[in-house]
Amino acid sequence: MDDTRTSLDVKEYPDTEVQKNRILTLEEWQEKWVERKITFHQEQGHQLLKKHLDTFLKGESELRVFFPLCGKAVEMKWFADRGHSVVGVEISELGIREFFTEQNLSYSEEPIKEIPGAKVFKSSSGNISLYCCNLFDLPRANIGKFDRIWDRGAFVAINPGDRKRYADIMLSLMRRGFHYLLSVFSYDPTKYGGPPFYVSDDEIKRLFGSVCTCQCLEKVDAFEERHKSWGVDYLVEKLYLLTEK
């Protein structure tokens, strides 16, 4: 195996602006679902979340857990089955419906009066609510605050120019004593334009560090054969735990 990509102590790129003008529209994300270009979906769930679940939950019960850009993440069912309340936001109605179908959950849907054209899908058990809308419109729906945020495939998918707005929304949704688990990627951003977009340690600290203590829990080699088509020769996933200062 190539040493250049097995080393997890990869260099940070000083030019964090290299991807700043990259933009994907909401329509393009919706098309990915229609065209089944959803390699970001993990059918078995996220292995690092499983490994660090106790650190994330701290043995607490009846937590409110937020999933930004949730897709049809199987972890939403994990948390609901453990007695927690799950709220997600996703632009693809197809992704949301597939979640409920694949998890064998009955659900209802209703319009969100504060956001024209948006809907909320709720499990019949009442402990999973998925909002189908633009994440940046979500604060208008007054969804309350959360004890936990599981951010995998969300911060790295947001257009780099929107990260400050995104971080401000995440911070506004956190209750006292929150735990925010954030997964990001390191690779050579001069070779691949994203998404997922490259995120540096410094950017996490810049956007969240005034409010959060930012701890890197683990780095893992995430490189797969399919990533060769990106033009990169390594891909490192980094898991951060953000907690209240």
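Tutor: The protein has eight helices and nine strands. Helices (H or I, at least four residues) and strands (E, at least two) are DSSP runs, numbered from the N terminus. This is a predicted model: local features need pLDDT of at least 70, side-chain atom pairs count only at pLDDT 80 or more, and totals for chains, interfaces and linings use all residues. Residues are numbered from 1 along each chain as its sequence is written, and side-chain values use heavy atoms, with hydrogens and water left out.

Student: What makes the radius of gyration agree with a compact globule?

Tutor: The radius is taken over C-alpha atoms, and the globule rule is 2.2 Å times the number of residues to the power 0.38. For 245 residues a compact globule would be near 18 Å; the protein has 18 Å, so the two agree.

Student: Why is strand β5 called largely enclosed?

Tutor: Buried means under 20% relative accessible area, exposed over 50%, partly exposed in between (1.4 Å probe, protein chains only). In β5, residues 128–132, five of the five residues are buried, so the rest of the structure largely encloses this strand. Both faces are covered: I128, L130 and C132 on one side, S129 and Y131 on the other.

Student: How do you know that β2 and β5 pair?

Tutor: Two strands pair if DSSP finds at least two bridges between them. β2 (residues 85–90) and β5 have five bridges, in the parallel sense, so by that definition they pair. V87 stands opposite S129 in β5.

Student: And which way does β4 run against β5?

Tutor: Antiparallel, with four bridges between β4 (residues 119–123) and β5. F121 stands opposite L130. The two strands form a hairpin with four residues between them, and G126 in the turn has a positive phi of about 90°.

Student: Why is the pair of Y187 and W230 called edge-to-face?

Tutor: Rings of Phe, Tyr and Trp (its six-membered ring) pair if their centres lie within 6.5 Å; planes under 30 degrees apart count as stacked, over 60 as edge-to-face and the rest as tilted. Y187 and W230 lie 6.4 Å apart, centre to centre, with 65° between the planes.

Student: Is W230 buried or exposed?

Tutor: Buried, because its relative accessibility is 15%, under the 20% limit.
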